[in-house]
Amino acid sequence: MTIRIPHDKVFYAFSPHLTPAAHARQNEPIIFETNDCFEGQVRKPEDMLGELDWAHINPASGPVYIEDVKPGDILKVEITNIVVDDQAVVVCMPDSGAIGDLIRQTEAVIMPIHAGQAVYKNRVKIPIDPMIGVIGVAPSAEDIATGVPDYHGGNMDCTAIRKGATLYFTAGVEGALLGCGDLHAVMGDGEIIVTGAETNGEVHVKVSVVEMKGLPTPFLEDERMIATLYSAPTIDEASDGAIHRMARFLTEFAGLSINDAGMLMSLVGELKFCQVVDPKRTVRFEFPKQVLADYAYVFGK
Ligand code: CA
Ligand code: CA
């Protein structure tokens with residue numbers, strides 16, 4: 001049976017104290033109906049000029065209690081589909097994002113989406129590439145606002161979190177309490193002004209527990225690569241965290257020597273910014289699966 005989480009089942013902090021919106025068995029398909037980061041408050045350009053209710057920002061849908069998950073388990077979340085609305089909104093505001101110092105006027109641009117393209121001001125047609133901004137599990141002993149990325153996932157705003165990708169988290173509590181929201185029809189790496197093409201939609205996932213104790217999470221896998229994701233107060237710390245975690249993964253899981261890991265990370269690894277604008281910055285380090293195959297290592301097997 002498919003579990004469907006309606007869009008009004010939302011929360012604003014990943015917390016061990018959340019009440020589950022639903023329970024799901026492992027591998028049971030789950031569909032999260034999600035709200036955009038403004039919880040639908042900006043549907044027309046002039047909506048932004050009014051006072052936004054800032055208590056209703058960055059909602060995540062859920063959480064879902066996954067049966068037979070214990071604290072410390074590695075949760076595998078396969079993103080089987082992402083559906084987006086027929087419009088999105090991008091917003092810039094003074095003092096917000098990486099060039100907030102230059103922006104003098106708030107502006108919201110509604111972008112219609114059709115035939116796989118988001119149209120910016122009737123001028124620029126952008127092929128959509130839907131991604132999830134906020135996805136994570138409850139920490140074991142603290143509340144983390146849905147706007148903040150950290151070790152539990154959260155607002156990582158990573159363009160690689162798209163259909164076909166698989167995320168790995170470490171459960172902090174029984175049932176893990178998985179939630180997600182903040183879809184972007186498209187976003188550039190960095191998310192320079194703190195918004196992508198913000199949109200309502202649906203996230204379809206399948207969740208299970210895998211035997212990969214010690215995996216440095218959050219961790220991402222797609223057809224082409226694996227990636228470590230790390231969030232920290234500065235880009236320097238976030239980069240350092242993502243890089244060191246990949247080195248640890250390559251030596252502890254794939255069996256490479258540290259010298260081989262380092263040289264190959266230098267040759268074919270890719271350090272990329274997810275976002276540079278949230279309360280913590282998120283960086284990822286990508287490494288090609290093809291090279292793992294050269295070492296006869298198959299991820300997840
Ligand atoms: Ca976000
Ligand atoms: Ca967003």
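Metal donors are N, O and S atoms within 2.8 Å of the metal, or 3.2 Å for Na, K and Ca; water is not among the atoms, so sites may look incomplete. By this rule the calcium ion (ligand 1) is coordinated by Asn155 (OD1), Asp157 (OD), Asp157 (OD) and Asp182 (OD), at 2.2 to 2.5 Å. The model is a predicted one, in which local features need pLDDT of at least 70 and side-chain atom pairs count only at pLDDT 80 or more, while totals for chains, interfaces and linings use all residues. Residues are numbered from 1 along each chain as its sequence is written, chains are lettered from A and ligands numbered from 1 in the order in which they are written, and side-chain values use heavy atoms, with hydrogens and water left out.

**Calcium sites**

The donor residues of the calcium ion (ligand 1) follow the sequence spacing N-x1-D-x24-D. Asn155 and Asp157 are both buried, where buried means under 20% relative accessible area, exposed over 50% and partly exposed in between (1.4 Å probe, protein chains only).

Helices (H or I, at least four residues) and strands (E, at least two) are DSSP runs, numbered from the N terminus. His184 has 0% relative accessibility and therefore counts as buried; Glu198 is buried too, at 1% relative accessible area. Asp182 bridges the calcium ion (ligand 1) and the calcium ion (ligand 2), which are 3.3 Å apart.

**Pockets**

Grid points are joined across faces, edges and corners, and a volume is the space filled by probe spheres set on the points. In the lining classes, Ala, Val, Leu, Ile, Met, Phe, Trp, Tyr, Cys and Pro count as nonpolar, Asp, Glu, Lys and Arg as charged, and the others, Gly among them, as polar.

| Pocket | Volume | Lining | Classes |
|---|---|---|---|
| Largest pocket | about 390 Å³ | 24 residues | 12 nonpolar, seven polar, five charged |
| Second largest pocket | about 180 Å³ | 14 residues | nine nonpolar, three polar, two charged |

Trp54, Ile57, Asn58, Val194 and Asp278 are the lining residues nearest the centre of the largest pocket. Its lining draws at least three residues from each of domain 1 (15-210) and domain 2 (224-294), with bounds that come from an automatic or database domain assignment. In the second largest pocket, Val90, Gly188, Thr195, Gly196 and Ala197 lie nearest the centre.

**Aromatic pairs**

Rings of Phe, Tyr and Trp (its six-membered ring) pair if their centres lie within 6.5 Å; planes under 30 degrees apart count as stacked, over 60 as edge-to-face and the rest as tilted. The count is eight aromatic pairs. Tyr168 and Phe299 form an edge-to-face pair, because their ring centres are 5.4 Å apart and their planes at 85°. Tyr168 is in strand E16 (residues 166-170) and Phe299 in the segment after helix H3 (289-294), 131 residues apart. Both residues, Tyr168 and Phe299, are buried. Phe299 also pairs with Phe249, in a tilted arrangement with 5.8 Å from centre to centre and 55° between the planes. Phe249 lies in helix H1 (residues 235-252) and Phe299 in the segment after H3, so this pair ties together parts 50 residues apart in sequence. Ring pairs link Tyr168, Phe219, Phe249, Phe253, Tyr297 and Phe299 into a cluster.

Helix H1 also holds Arg248, which is partly exposed at 35% relative accessible area.

**Backbone**

Most residues other than glycine have a negative phi, and most peptide bonds are trans. The peptide bond from Gly62 to Pro63 is cis, with omega near 0°, and Pro63 is in strand E6 (residues 60-66). The bond from Thr217 to Pro218 is likewise cis, with omega near -5°; Pro218 lies in the loop between strand E19 (201-210) and strand E20 (219-221).

Glu39, a residue other than glycine, has a positive phi near 50° and lies in the loop between strand E5 (30-34) and E6. Its relative accessibility is 25%, so Glu39 counts as partly exposed. Asn58 has a positive phi of about 55° and is placed in the loop between E5 and E6. Asn58 is buried, with a relative accessible area of 13%.

Methods. On a 1 Å grid over the protein atoms alone, a cavity is a set of points where a 1.4 Å probe fits but cannot get out, and a pocket is an open set with protein on both sides within 12 Å along at least five of seven lines; lining residues have an atom within 4 Å of a point.
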